[in-house]
Amino acid sequence: MASSNAYAQRDPMLKKRDDFEDILEERRNSSDLRYALKCYTPALYKGVAPCKSSMLKSMVLQSDQLHYVIQQVSKETGRQTDNVQEEVSAILDEMAHSLQLSTVRFFAFTLSKIFKSLFKSIRVNEEGIQRLQQAIQDHPVVLLPSHRSYMDFLLMSYLLYTYDLTLPVIAAGMDFMGMKFVGEMFRMSGAFFIRRSFGGNKLYWAVFSEYVKTMLKNGFAPVEFFLEGTRSRTSKSLIPKLGLLNIVMDPFLKGEVFDVHVVPVSISYERILEETLYARELLGIPKPKESTSGLFKARKVLSEDYGSIHVYFGQPVSVRSLAEGRVNRCQFNLVPRHIPGRPDEDIHSFVNDSAYKLVRAQEDNMVLKPWVLLASLLLQKQAVGQEQGTALDELTAQAVWLRDLSRQYGAFLHWPDQMTPSEVVSSSLSLHRGLVRTCEGKVQLALEHEGGAVGPQSAAALEEKLLSQAVIVLSCASYRNQALHVFLRPALLASAIHAASSNQKQEVFNSFSFLRNMFSNEFILCPGATVQDFEEACYLLVKTGTLQVTQKEVLVNERGHRTLAFLVSMLDPFLQGYQVVCRFLCEEATETLTEKQFIPAIRKFIIKHLLAGRLRYAEVLSSDLQKNSLAAFLRLGAVEKIKGPIELLIVFHT
């Protein structure tokens, strides 16, 4: 292993980040109608003329690649070419966006009203906007926002309209298209609709990929999609999906464009609109189907305060630079461009590594609010049974300690310096009063007290009470999770030290490597970067006075125990979650178990152990944690999938 001194050159505290401007300030002091009807003349890529929807469809239908796939499907299925062509046209009609400036202006007016009602401020790094503006004029651009809320894609288009940038075309799930009127309005504001899965349907894949590549190659508009594929219900970054990233990199790899610039965008919410909805989904309560009536019923949220939003447009990332020294593009000269093919292992590895780097870039620029630190502290106190709560002044002092620690670890923390710490804490507690209560100067999560019920309770009543408490815990955990990327590597090292039988550096590294490998389905841990992550963790813990690291030993300093205890507690709910899934598979699961049966069965098992007091963390009820742990056990070979007559089965290897 290299010395951790090498990491000192990349000290996260030395990273310069842009300042923010509040775009709602102007909206509060001027006419929304004038704003919506303003002259909108964005600069386009190399001066290309705007492309109408009908022209774009025509270009896609005339592409050589699509003609090739149509011929292939016709031969394989025996269908007439004209019949296949009709199906292609139908797919394209279902998918394509149809941008109408009048609809964009309607959304600009409406969203101005909504945003001013919901949020105190929407802060944007204007230097990032300037970089994006230049990138759009020079190269095809792909926008990759983080995805924590339904609000994300509306917010992105609103911001680009505000700053007179070319509106993006946005990959949206087909479920939005089913919303009467609203789905078509989304289409007319730049959304194109794709099926959630289309498996081996090569015709659909060909239309989809050609549609995206035609827009990108010609620079008609930035292409926007969510690299994680779906909203994160836990506020942790999800493992990236590679399908669309493969498509947008393909024109560069095949030499059809000189370069593609990818812009990671970090959207940070002080309070998430869907916090309770997400927690219920994680507990197995299905999400409501997207519908127009549901949208109108959700109007009651307009009376709530959701704090501020920070949107950080990151440095545009050149795909050409990413590929330098990694990809030999000569291989694409051996096959005509119009013949589709699966990427080989080198290309897959390159795209996968790039995806992880881009998600890490999103994480690095996520802005953490004080409540994120408070939620972390309150969850740890609740887990160790501090039912009487924590004195407000004590919680404030601990929050200041954690603020300083997180800054030393490179956190992008928005802590209002013009307010005293006690004012910052009180303001955060007030904003999140649905999750936390203050009584007689003591603060605790808003859970029911044990003494609240009179007389014996039925099993059903106890389970209902546990699940209602779990909604609060999982909602708080979603805020704590926003800081996980800051503490993850030090927390893995702290847990490795706790688990290792000696302070020998190699043994601690082995323990760190095992934990990192086990949690690679849970967190964003770049493939092949184990040594680098270990060095980073060592450097941060040495820098903050927690550890001494020599060539052969890892030693804990006297004043480092508090930091180590906090870091171990950050990771402990995930460790217990993996342990309980392992225990379930060993003790309770029958010899075979279908995937569909797994989540209800493990949930029932966990509820039983929580009610018996054998588990500390209600967080282990999260279906996200359970699915990730199963995926890890499958990857590690502890569990095997086998194809049954109807569906996949799970066999546990004892």
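1. A residue is termed buried under 20% relative accessible area, exposed over 50%, and partly exposed in between (1.4 Å probe, protein chains only). By this rule Lys202, at 39% relative accessibility, counts as partly exposed, and Glu76, at 52%, counts as exposed.

2. The structure is a predicted model, in which local features need pLDDT of at least 70 and side-chain atom pairs count only at pLDDT 80 or more, whereas totals for chains, interfaces and linings use all residues. Residues are numbered from 1 along each chain as its sequence is written, and side-chain values use heavy atoms, with hydrogens and water left out.

3. A salt bridge is taken as a side-chain nitrogen of Lys or Arg within 4 Å of a carboxyl oxygen of Asp or Glu; the count comes to 30. Helices here are DSSP runs (H or I, at least four residues), numbered from the N terminus.

4. Two further salt bridges lie within single helices. In helix 16, Glu363 pairs with Arg360, the closest N and O atoms being 3.6 Å apart; the two are three residues apart, about one turn of the helix, and both are buried. In helix 24 (residues 561–587), Arg583 and Glu587 are four residues apart and meet at 3.2 Å, N to O. Arg583 is partly exposed, with a relative accessible area of 34%.

5. A network of salt bridges links Arg27, Asp32, Lys113 and Lys116.
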